[in-house]
Amino acid sequence: MWAIVGAYGIRFRLTDSPNIESQGDSYLLLSVLLALSWWFMLGVWGSREFRILGAGSEEYKRVVAASAWLFGFVAVVSYALRIDTARGFVGLAFPAGVLGLLIGRWLIRQHLSVDRRSGKGSSHVLIIGGPHSSEHLVRSLRSAPAAGYVPVAVHLPGASNEAVDSTNFDVAITGTESDFEALMTVITESQVDAVAISAGVNLHPRDLRRLGWELAAKNIGMILAPALTDVAGPRIHTQPVAGLPLIHVSTPKLTGGKKVAKRAFDIAVAGTLVLLLFPLFVLLAFLVKITDRGPVFYRQERVGLRGTTFHMLKFRSMKVNADEQLAALLIKQGSDSTPLFKIENDPRITRLGRILRKFSLDELPQLLNVLGGSMSLVGPRPQRAGEVALYDDAAHRRLYVSPGMSGLWQVSGRSNLSWDESIRLDLYYVENWSLMGDVVILFKTFRAVFASTGAV
């Protein structure tokens, strides 16, 4: 509504032309209809569904899609009926409205996330399945409280007593009965909002179908959790075959149009940032130079896409001979065998360098790497050849995409994460890349930088 009111005022009221002002009177009805239609389209596209609120990028995608379809429809109707729709009015309302909706949704999401982390606004979930898959599902749901699912109990139909260890779950175990009536009693007594069926559940398919009917009658949600780890929605496609909802998992490929879109996005954003931040570049270069008279930039060979090497740029934040001291410091710290060469309380960092690293200002020259094509704005952080030599087979998949200035693990804890957690997040990015995901990560990067919870 604010976008439409603003566009209407700018286009038709902030003018001295009587023709344009009189034309604006005829747009009053269109403005009201457009606002109502926009609200309606957001509902039709499912942008307010409970399951997409609070986590992930699907909510934002639906907001953009609903808005684009609405204004596309307006354009088609105007062309087909030869209606002379004011392009200035539409050209202002559409981008301003989409931006406002995205910002509004983000602000509401922050409030919802705080509520959910304190236990409010969430669904209480009973998990039914095998011991190992149920334990993994409990751990996964608890690691993402903003998603709004709180595991409160676990039921293990047909599990042996040896496989049931309550210390592994940290939630109530309601039993191991596989009888359908006993299962319904457990669900009723648990007073949950949803039931999650995990992999390895020892129930007959006929009982699962019947369970779905009973849960629907009781207004309890039913969630099927397949044994797929770190696979996002865009790669999952459901196809009904012989009454079975078969789940197809597509192979992740950053090729063709996706590759072109990511590169175009990198060039547009990096080029804009270089132009806007050029005065800051000059100031930082001057400060680095007068600190100890060494070189302004630090160039280091890193491993990039498909194992190719390139020289990554930084504003120098360490002493001139810093690389010569790295091996001895790693051995002293006991981390020379871990592929994440980070030194705690690094004595090589200059006084100015600590300030640069605190706000990641030393990383700004990598925008030039992005423009040159050796890096991307978002992707796994590039590492030294010595670190890559310590990779296992899984870690090598980091090299399937271009390295980035920021990535998932930078916005999920930055350098304070362990290597195992960092590689898990990087692999998730590689397996589930999307342009909207890049936008969300970049947005979170600014928050992570200003929070100063560890240098990237």
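**View 1. S360, in the loop between α10 and α11.** This is a predicted model, and here we zoom in on one backbone angle. Phi of S360 sits near 55°, a positive value in a residue other than glycine. That's worth a look because most residues other than glycine have a negative phi. S360 also counts as buried, because its relative accessibility is 11% and the cut-off for buried is under 20%.

**View 2. Q191, in the loop between α6 (180–190) and β4 (194–198).** Here's another non-glycine residue with a positive phi, near 55°. Is Q191 buried or exposed? With a relative accessible area of 67%, Q191 is exposed.

**View 3. The largest nonpolar core, made of 30 residues.** Which of them touch the most other members? Those are F315, L367, L377 and Y429. At least two core residues come from each of α8 (256–292), β9 (309–315), α10 (351–358), α11 (366–372), β10 (376–378), α13 (419–431) and α14 (435–451).

**View 4. The surroundings of L377.** Setting aside neighbours within four places in sequence, L377 is in contact with a list of residues that includes F265, V269, A270, L367, V370, M405 and L442. D266, G404 and S406 are in contact with L377 too.

**View 5. A nonpolar surface patch built from W39, F40 and V44.** The patch covers about 370 Å². F40 belongs to helix α2 (residues 18–44), and F40 is exposed, with a relative accessible area of 52%.

Notes. Residues are numbered from 1 along each chain as its sequence is written. This is a predicted model: local features need pLDDT of at least 70, side-chain atom pairs count only at pLDDT 80 or more; totals for chains, interfaces and linings use all residues. Side-chain values use heavy atoms; hydrogens and water are left out. Patches are made of residues with over 30% relative accessible area and no salt bridge: like charges are joined within 9 Å, nonpolar side chains (Val, Leu, Ile, Met, Phe, Trp, Tyr) within 5 Å. Accessible areas come from the Shrake-Rupley method with a 1.4 Å probe; for residues, only the protein chains shown count as cover. A salt bridge is a side-chain nitrogen of Lys or Arg within 4 Å of a carboxyl oxygen of Asp or Glu. Helices (H or I, at least four residues) and strands (E, at least two) are DSSP runs, numbered from the N terminus. Buried means under 20% relative accessible area, exposed over 50%, partly exposed in between (1.4 Å probe, protein chains only). A nonpolar core is a set of buried Ala, Val, Leu, Ile, Met, Phe, Trp, Tyr and Cys residues joined through side-chain atoms within 4.5 Å. Contact means heavy atoms within 4.5 Å.
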